[in-house]
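Here are my notes on the model, point by point. Please keep the structure open while you read.

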Amino acid sequence: MVQDPILELRGISKRFPGGVVANDAVDFDLGRGEVHALLGENGAGKSTLMNVLYGLYGPDAGEIRVKGRRVDIRSPHDAIAQGIGMVHQHFMLIPVMTVAENIVLAAEPVHGGVFFDEKAAEQRVLDLARRFKFAIDPHARVANISVGQQQRVEILKALYRSADVLILDEPTAVLTPQEAKELFEILAVLRREGLSIIFISHKLDEVLEISNRITVLRRGKKIDTIAQEGATEEGLARMMVGREVLLRVDKRPSEPGDPLLSVTDLSVYDDRGLEAVRGVSFDVRAGEIVALAGVDGNGQSELIDAVTGLRRPASGRVEIAGRDVTAKGVRETLAAGEAHIPEDRHLRGLVLDFTLAENLALHDFRTPPASKFGWLFPQRLIERARRLLREFDVRGGGPETPASSLSGGNQQKVVVAREIDRDPQVLIAAQPTRGLDVGAIEFVHRRLVEERDEGRAILLVSLELEEVFALADRILVIYEGEIVGEYGLDATAEELGLAMTGVTRERAA
Amino acid sequence: MSEPPEQQPPAAAPTTSSTLTAFYERAGGFLVPVAATVVAFLIGGLVVLITGHNPLAAYKAIFEGTGLNYVFPWLSDDERRAAARDLQQTLLVATPLMLTAVAVAFAFRCGLFNIGGQGQYWVGFIAALWIGTHLHGVPRPLHILLGIVAAIVAGGIWGGIAGLLRATVGAHEVITTIMLNWIAIYGGVYLFERGGPLQAVPSLPQSAVIDDSAKLWVIWGDIQALHAGLFIALVGVVVYHVILNRTTLGFEVRAVGFNPEAARYSGIPVARSYFLALAIAGAFAGVAGAIDVLGFQFSVETSEISASAVGFTGIAVALLGRNKAVGIVLASLLFAALQVGTSSRQLDPAVFDPELASDLSTMIQALVIFFVGAELLIVYVWNARRYLRTRPTASQEPVV
């Protein structure tokens with residue numbers, strides 16, 4: 001407990017139709033000028049609790065106190081009136097309007113009683129931005145600004161309505177590491193200005209970095225509230241998942257065999273016709289995980305596309321187990337023994353409106369036993385799906401459930417199950433744990449190491465150094481479309497960081 | 001992961017909206033078209049009331065005009081004879097609608113909007129007409145079969161042209177199919193107008209009449225009777241369902257329709273799917289044309305070519321039927337019944353002005369589509385919201 005909390009939730013319970021208890025007598029309090037993290041796996045009840053606080057759900061039991069007074073929050077409107085602002089994971093902005101227009105929307109300054117006072121709106125936004133040290137252009141159209149800037153607009157929107165409690169729902173999920181760093185700087189300023197912040201996350205490192213106190217939820221129940229001092233990632237992970245979690249993947253040294261994926265002097269253009277990959281060469285051998293580390297946008301996506309047959313390279317050569325698949329298209333590349341966990345499971349990895357059985361058959365529906373002479377056997381797809389869902393511990397649905405109704409972690413397991421079940425020689429894993437919680441990350445990591453030990457060649461493309469260190473046997477660093485360095489397991493984060501930002505190359509030149 | 005499996009994770013919070021959407025879509029699949037129809041009829045009734053007539057009496061008269069009262073056991077012999085004639089007309093109108101609706105639905109499942117049903121219908125019609133008037137002495141089943149096959153090929157080519165343009169140069173199918181409609185319609189007019197190459201009746205813009213051996217079997221009635229084309233249309237609807245759900249082609253079409261980028265990633269040739277989907281859609285519409293000419297029209301006059309709207313009505317039928325086989329059959333019956341029940345020769349002017357009746361029918365059809373469309377819009381926005389939330393940083397790669 002803190003002295004004189006600005007906000008208190010007492011015994012909040014929320015049950016959903018179907019008997020699922022999303023919140024079970026949860027207590028939560030927020031001190032003035034505090035960042036209080038709400039930590040939990042996907043589906044632990046974090047968002048439900050905040051939606052209750054923000055008036056989107058009515059609680060079945062419990063009470064909310066703001067500045068010591070008991071309040072009844074029935075709608076977001078009530079919440080705003082109590083000084084509570086929320087920045088949702090998906091932004092509620094109107095893309096065609098300017099930053100200033102979005103911020104003042106629904107509380108616009110007017111002159112003459114009815115006319116929108118554009119000048120006053122811009123001035124107020126500028127004042128606000130100056131006070132909280134935000135770098136933002138009030139005239140810019142929201143459609144034209146980056147995701148990180150859009151998030152700042154959302155925060156300003158809450159501040160404009162005089163919020164003194166700010167709820168941030170997984171704010172870093174949509175940000176690049178650089179943008180996340182900038183967000184943390186902004187949050188530090190807000191805190192100094194006296195705002196209280198609830199920070200929802202399932203990422204342990206950022207929770208430890210930003211918050212004063214941390215409350216952990218698991219399966220709808222509050223497990224504990226602890227101070228940031230003395231908290232460790234291991235301890236938090238244990239509280240979140242309810243058992244020991246291996247943050248470090250247990251793996252033996254690799255015993256690499258023959259090269260299964262050979263990339264020679266590969267150059268690829270991006271959609272704008274710029275050379276995104278410039279003369280890259282590397283091998284991935286059987287039984288090893290090679291990580292391609294780099295800051296987003298340095299040619300990784302184009303490289304993956306070229307290696308998987310989705311994009312025609314400008315020059316160079318790609319071989320899978322000695323077979324030339326350069327520019328042969330997806331189907332032939334798959335047939336040569338490649339599997340691909342794509343970086344965006346919603347864009348590419350899954351057909352969200354398809355059932356799990358259909359999604360699991362996405363590569364193999366053309367061949368027996370799934371089909372014969374063009375005739376599909378839906379029952380066989382379902383039987384195969386039943387086996388894979390069990391084997392990969394996919395929860396939240398059966399073979400005939402649409403993929404869209406699964407949580408992100410379970411969706412990713414479906415993708416991983418499909419790709420591994422193809423028994424590939426080469427596995428391309430692009431950001432395989434993006435947006436997953438610790439339990440699911442552990443699962444995916446463990447499977448990847450198992451597949452390595454089976455003798456597959458694995459190319460891991462990741463933006464997260466932690467993941468690179470956890471899995472890789474060798475590390476390649478890509479910068480501006482070139483491989484600028486190869487490192488072993490003894491590399492330090494600093495070394496890689498310098499290589500990823502191009503410093504090493506400048507020095508060498 | 002070591003938790004006992006029966007312990008369901010309390011995942012309701014993040015998935016409530018999607019569960020709700022799923023439920024809504026499933027229930028909505030049946031409920032919404034029905035509700036839209038009911039509301040449309042209620043509003044239509046209000047309009048009847050405003051014109052100073054009794055809506056119940058008007059609807060009763062329209063219903064009797066459709067011949068659907070044929071199933072009632074208490075009709076007298078005279079009434080039953082009249083009802084039979086009306087019901088034959090309703091079924092006759094519904095028959096091609098089922099197929100032109102399938103032509104829209106099949107393309108739609110591939111993510112394409114086929115506005116070209118009208119043109120595909122006419123090229124199929126003309127191809128079957130040519131077979132019917134230019135081949136002689138062929139045994140009846142073979143003659144009919146050849147006529148239908150010719151229509152399948154012609155409709156398939158007509159749809160396939162739009163598909164090919166979409167697949168190769170990315171020309172949007174809405175534009176190309178509309179253009180192809182006009183080419184088919186004016187091409188058809190040219191063929192049969194005075195001096196046209198297929199004009200057959202001196203001084204009249206008319207084709208020849210097809211040989212008896214090309215005519216479909218009559219199954220019910222005598223004047224403008226119901227023909228076996230009804231069975232062909234029903235088989236067509238079943239074929240549609242089977243292709244979509246039980247073949248690898250249908251799997252590809254649906255995958256491309258839902259998520260072309262995921263399809264491409266899976267090695268499904270997206271461009272080929274676009275081509276095939278429109279070609280097959282065109283073939284369905286072509287069969288609709290064939291069974292009309294082989295079933296009861298037997299010849300054609302240029303004025304009919306420009307007046308027909310069976311291809312366009314197919315769009316509305318597919319929409320109301322939710323691109324589902326059963327839905328399309330029921331929606332075809334509804335639209336056909338409205339058309340037949342309000343046609344001017346059916347109504348007693350004392351009950352409702354016949355001149356207003358066909359307007360009432362058009363209005364009810366439009367309202368049905370409006371309500372179904374509005375609901376689709378709501379679900380679409382709802383899903384778009386979910387979609388944006390789940391993939392906020394999706395790249396904007398062009399679909400090849």
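1. Helices (H or I, at least four residues) and strands (E, at least two) are DSSP runs, numbered from the N terminus. By that count, chain A has 18 helices and 24 strands. Chain B has 14 helices and two strands.

2. A word on the source. This is a predicted model, in which local features need pLDDT of at least 70, side-chain atom pairs count only at pLDDT 80 or more, and totals for chains, interfaces and linings use all residues. Residues are numbered from 1 along each chain as its sequence is written, while chains are lettered from A and ligands numbered from 1 in the order in which they are written.

3. Overall form of chain A. Its C-alpha trace spans about 70 × 55 × 50 Å along the principal axes.

4. Burial and contacts. A residue is buried if 20 or more other C-beta atoms lie within 10 Å of its own, exposed if 12 or fewer, and partly exposed in between; the C-beta atoms are placed from the backbone. Buried residues make up 50% of the 509 residues in chain A. In chain B they make up 49% of the 400 residues. Two residues are in contact if their C-beta atoms, placed from the backbone, lie within 7 Å. Take the contacts with a separation of 6 or more: residues 24 or more positions apart account for 67% of them in chain A and 75% in chain B.

5. Strand pairing in chain A. Two strands pair if DSSP finds at least two bridges between them. Strand β1 (residues 7-16) pairs with β4 (residues 61-66) in the antiparallel sense, over five bridges. Here A:Glu8 stands opposite A:Arg65. β4(A) also pairs with β5 (residues 69-71), again antiparallel, over three bridges. A:Ile64 has A:Val71 as its bridge partner in β5(A).

6. Most residues other than glycine have a negative phi, and most peptide bonds are trans. What is the phi of A:Lys67? It is near 50°, a positive value. A:Lys67 sits in the hairpin of β4(A) and β5(A), which has two residues between the strands. With 15 C-beta neighbours inside 10 Å, A:Lys67 is partly exposed. A:Ala321 also has a positive phi, of about 50°. It lies in the loop between β16 (315-320) and β17 (323-324) of chain A. The peptide bond from A:Pro368 to A:Pro369 is cis, with omega near 5°.

7. An enclosed helix. Why is α8 (residues 248-258) of chain B called largely enclosed? Because eight of its eleven residues are buried. Among them are B:Phe251, B:Glu252 and B:Arg254. The cover includes β20 (375-376) of chain A, together with α3, α7 (229-246), α9 (260-265) and α10 (270-297) of chain B.

8. A helix pair. In chain B, α3 (residues 77-109) and α12 (residues 310-320) pack at an angle of about 65°, with their axes 7 Å apart. Axes are lines fitted to C-alpha atoms, for helices over the stretch in contact, and angles run from 0 to 180 degrees between N-to-C directions.
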